[in-house]
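Please read them next to the coordinates.

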Amino acid sequence: MQLIWLDNLHRRGVYGFYRSYMPYTRISRKEQIALLINDDEHTYPADSDIKAEKISLLINDDEHTCPPDSYIKAEQILASLRLRPIGEFNLLNGMLVHPDHRGKGIGHQLMKRVADKLTAKETYLFSLPHLVGFYRKHGFSQDVQAPNDIQQIFNKYTNQGKDLVMMGYSKVNNQNL
């Protein structure tokens, strides 16, 4: 598995992924999108000189970006999440594991691999109640006082009848999973 942070030029595949499994979502160009992909499943156009066995050389883990000549397709994505900037804070949203790969620890792998981004800015999320335990394992807590901008977004969603729990990332060591 590889972690890739997509730039705005390489998002076409992720739109199809979200459209298939989370059709109500709206992806902003300002959001950072992280993908976990299975590098064994890469396919490339016939005229491409990129070889599947070289994919690990193409993904620069230091920069966490998708190289300009790569092709990511919706069917290659195991999991994804988005970090939406809200002023000086981040809102983690749209975490999604492909239905065929749920229950295999893929979501835990994704959260572990993006932990450095969660500490870069104060990060919040609005969890479904049944996922609170999952996020707790990755350093999120319900005991947070959210800034006004985050609180207003949370209030907007809950006033629409959505059952959500606000959580904030606390910089504690995550449990071993």
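Leaving aside neighbours within four places in sequence, which residues is asparagine 38 in contact with?

1. Asparagine 38. The model is a predicted one. In it, asparagine 38 is in contact with Gln76 and Leu78, once neighbours within four places in sequence are set aside. The residue belongs to the loop that runs between E2 and helix H2 (55-58). Its relative accessibility is 18%, and asparagine 38 therefore counts as buried, the cut-off being under 20%.

2. Confidence. The mean pLDDT of the chain is 80, and 78% of the residues reach at least 70. Taken by element, the lowest mean pLDDT is that of H2, at 33, and the highest is that of helix H5 (residues 132-136), at 97. Residues 41-64 have a pLDDT that stays under 50 throughout, and the model gives this stretch 33 contacts beyond four places in sequence. A pLDDT below 50 is also found over residues 172-177, a stretch with ten contacts in the model beyond near neighbours in sequence.

3. Overall organisation. The chain has six helices and seven strands. Their order along the sequence is β-α-β-α-β-β-α-α-β-α-β-α-β. There are 177 residues, of which 47% count as buried. Of the contacts between residues at least 6 apart in sequence, 72% join residues at least 24 apart. The accessible surface amounts to about 10,000 Å², with 46% of it belonging to carbon and sulfur atoms.

4. As background, nonpolar side chains in soluble globular proteins tend to be buried together. The largest nonpolar core here has 25 residues, and Leu81, Leu92, Leu110, Met111 and Phe140 have the most contacts inside it. Two or more residues of this core come from each of E1, E2, E3, E4, H3, helix H4 (115-120), H5 and E7. E3 gives the most, with four residues. Another core lies apart from this one and has 13 residues, including Leu6, Tyr18, Ile37 and Leu96.

5. Leucine 81. This residue sits in strand E3. Its relative accessible area is 0%, so leucine 81 is buried. Beyond four places in sequence, leucine 81 has contacts that include Tyr18, Gln32, Ile33 and Ala34. Leu92, Asn93, Gly94 and Met95 are also among the contacts of leucine 81, as are Leu110, Met111 and Val114. Between leucine 81 and tryptophan 5 the C-alpha distance is 9.8 Å, with 76 residues separating them in sequence.

6. Helix H1. Residues 12-21 form helix H1, where Gly13, Val14, Gly16, Phe17 and Tyr18 are buried. The cover over these buried residues includes strand E1 (2-6), strand E2 (32-37), E3 and E4.

7. Glutamine 109. Helix H3 (residues 106-113) contains glutamine 109. Because its relative accessibility is 27%, glutamine 109 counts as partly exposed. Setting aside residues up to four places away in sequence, glutamine 109 touches Met1 and Leu36. Methionine 1 is 108 residues away from glutamine 109 along the chain, yet their C-alpha atoms are separated by 9.2 Å.

8. Helix H6. The buried residues of H6 are Ile150, Ile153 and Phe154. These cover an arc of only 100° around the axis, and therefore lie on the same side of H6. Asn148, Lys156 and Asn159 are exposed on the other side of H6. Among the elements that cover the buried residues of H6 are strand E3 (77-86), strand E4 (89-97), strand E5 (122-127) and strand E7 (165-169).

Technical notes:
Residues are numbered from 1 along each chain as its sequence is written. Side-chain values use heavy atoms; hydrogens and water are left out. Buried means under 20% relative accessible area, exposed over 50%, partly exposed in between (1.4 Å probe, protein chains only). Contact means heavy atoms within 4.5 Å. Accessible areas come from the Shrake-Rupley method with a 1.4 Å probe; for residues, only the protein chains shown count as cover. The arc is that of the directions from the helix axis to the C-beta atoms. pLDDT is the predictor's confidence in each residue, from 0 to 100. A nonpolar core is a set of buried Ala, Val, Leu, Ile, Met, Phe, Trp, Tyr and Cys residues joined through side-chain atoms within 4.5 Å.
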